[in-house]
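Colleague: I am new to protein structures. Could you walk me through this one?

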Amino acid sequence: MGLGCMGMSEFYGTPDEGESIATIHHALDLGVNFIDTADIYGPFANEKLVGKAIKDRREEVVLATKFGNVRDADGNFLGVDGSPEYVRKACDASLSRLGVDHIDLYYQHRVDPDTPIEETVGAMKELVEVGKVRYLGLSEAGAETIRKAHATHPISALQSEYSLFTRDVEDGILLAVRELGIGFVAYSPLGRGFLTGAYKNISDLGEGDTREARFPRFQSENFEKNVALVERVREIAAEKSITPGQLALAWLLHRGGDIVPIPGTKRRKYLEENIGAADIELTGDELRRIEEALPRGSASGGRYTEQMMKAVGR
């Protein structure tokens, strides 16, 4: 299991740098060495935070970051850029912010519809050849794009959203990456926090949390319906004396040994809870009950806004 760091800097409430760095250190102490960030988180602040946290522990970390979603210093989203020139520019900027001489896993965050994937991955391949990057990844790419990219240079990992709430990748994406021997990194494995059971009212999100504005599943009637779904997860989890979030993560880990969830948290206590899911065994009967409680497609509302979904699955 890895650690997603996005929420340490933006989107999910007020940042706390001290606790965030302590959480990264605790993750490393507990054996979680796969740390995930991206240049746009913050924007730019999250890479700096991660770099500060791992400064004296670089050899312990499998460091992943991303490029392609473009934001300015004020946080405005400017589009997607996969041009070779931007690939090189973005990589150098990330290396500088992270304070490292190489990135272990470098993802294209979203596919640029205006740049052939062969050109983007060709530029990423050059980064491998000069030692700035070790392995290449894609995020939220479609099966055809994955195949074209992999033919240009081996793709080591695909990162896409996957959880009990979001199972789109089962429509062919998982099949494609498994045929090609590509690992699957599942982001938002807790349904952006929904599957922890922590939220019963919109007000529970707290100050500085933008989920209601950005994700339809956190809006009005969708929110209430999804809370009801999570209660079903809570009931099954209670029988095993575990939390709903642990049950959701254990379910995902049972989907295959090639799937690596990266639940995000900025607090040590939740980190420990998430890691505990790796030791949970689910019986065939329990897996069946989970499927019946949250059948595929049961989550209410889209996982992104209509505009944001346009960049997914290209």
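Modeller: Strand β6 (residues 103–108), helix α4 (residues 117–129) and strand β7 form a right-handed β-α-β unit. Right-handed means that, with the strands pointing away from the viewer, the path from the first strand over the helix to the second runs clockwise. Helices (H or I, at least four residues) and strands (E, at least two) are DSSP runs, numbered from the N terminus. This is a predicted model, where local features need pLDDT of at least 70 and side-chain atom pairs pLDDT 80 or more, while totals for chains, interfaces and linings use all residues. Residues are numbered from 1 along each chain as its sequence is written, and side-chain values use heavy atoms, leaving out hydrogens and water.

Colleague: Which residue in β7 is the bridge partner of Tyr107?

Modeller: Two strands pair if DSSP finds at least two bridges between them. β6 and β7 pair in the parallel sense over five bridges. In β7, the partner of Tyr107 is Gly137.

Colleague: How many residues of β7 are buried?

Modeller: Buried means under 20% relative accessible area, exposed over 50%, and partly exposed in between (1.4 Å probe, protein chains only). β7 spans residues 133–139 and is mostly covered; of its seven residues, the buried ones number five.
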